[in-house]
Amino acid sequence: MKELRNPKAVRTLLRDIGERAGRLPRPPRIMEVCGTHTMALFRHGLTPLLAEAGVEMVSGPGCPVCITPNGMHEAAIGLVAGTEGLTLATFGDMTRVPTRAGSLQTAVPARGSRVRIVYSPLEALEEARREPGRQVVFFGAGFETTIPAVAFAARRAAAEGLANFSVLPALWLIPPALKAILAAGEIAVDGFVYPGHVSAIIGAEPYEFVARDHGIPGAIAGFEPGDILLAVRSILDQALEGRPAVANAYARAIRREGNPAARELMAEVFEPFDAAWRGLGIIPASGLRFGKALAGLDAATRFALDVSGPGVDLPGCRCGDVLRGIIRPGDCRLFGRKCLPDSPLGPCMVSYEGACLIHYKYGRTRRARP
């Protein structure tokens, strides 16, 4: 790990990247799909250093809190405000997402109801065990990294016959989102840095269509500075050689086949459906919902919630455009002015993986004012 943060090694990699970028016909634009990569790039000061080396990094849709549409958040708010004796358990940043109905943090729960912040779906499951007379709903947002834990909790609840536990799933799949971005053609992308955590589950094969069908190189990366720079260098090597592929620059943690047991668990509990993403619209087979065997655990069905639509963002919020990579946070007129970490107008300024919060906290423009 020390080698991956070694300043001398980082400088060497940046020189390698600059030399390779200079041999390409135009400055390459590379999308880091994962919000954790965006955080690492900015926290370690790599984004401006890569720009100096001739590589433009663009943030992608890799923030599950951000891409969950407001319609789902408003349904969760309505559930806790309109149902007595209920616990809505969710991750902390999910409680702060602003909508036309406020947020879960500002919602006034019905009599006997409450919002509880948890770090795992198993915490919500334990609460259902402790209080069998109380309905407990886990409002879970996540990509392939989080989904197996949600599936495990749901399967355990079914096995134990816990009639008071259910899940409001906001579960998203990364590869279909990449297909949607490429099909839209709104932004020219010359390479992808693929997410390490997601790839630990799904492996490399689900990304291969990007190289095969679109001729765009990519590399799976870890989260240390050296990890990301090795991935960028690999992408540039692929571009120079004219051999796009899915390179594994995180071999110490990622197997090409991913985690078959986790994928089997996901397939056992959930099934794909055409889901609405913030900014990206409805993407075929991009979300997961309960399959028939565990359909009774779906909170949307149990409480008759309408979660089908994309919802409406607050006026002026361009979080959806940021998630598609067509603008940077600083291009939004609300960024750093009316939209601030303490008073966010969109989820991209809420989540720790949100590009707006990251740009505000670590970027050069974070102090900009009118």
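Residues are numbered from 1 along each chain as its sequence is written, and side-chain values use heavy atoms, with hydrogens and water left out. Because the model is predicted, local features need pLDDT of at least 70 and side-chain atom pairs count only at pLDDT 80 or more, while totals for chains, interfaces and linings use all residues.

A salt bridge is defined here as a side-chain nitrogen of Lys or Arg within 4 Å of a carboxyl oxygen of Asp or Glu. By this rule the structure holds 28 salt bridges. One of them joins Glu-19 to Arg-23, with the closest N and O atoms 2.7 Å apart. Accessibility is classed by relative accessible area as buried (under 20%), exposed (over 50%) or partly exposed (in between), using a 1.4 Å probe and protein chains only. Glu-19 is partly exposed at 39%, and Arg-23 is exposed at 51%.

A further salt bridge links Arg-114 and Glu-127, whose closest N and O atoms are 2.8 Å apart. Arg-114 belongs to strand β4 (residues 114-117) and Glu-127 to helix α7 (residues 121-130), so this pair ties together parts 13 residues apart in sequence. Helices (H or I, at least four residues) and strands (E, at least two) are DSSP runs, numbered from the N terminus. Arg-114 is partly exposed at 31%, whereas Glu-127 is buried at 3%.

Glu-127 also forms a salt bridge with Arg-130, at 3.6 Å from N to O. Both residues lie in helix α7, three residues apart, about one turn of the helix. Arg-130 is partly exposed, with 49% relative accessibility. Through shared partners, salt bridges join Arg-114, Arg-116, Glu-123, Glu-127, Arg-130, Glu-131 and Arg-134 into one network.
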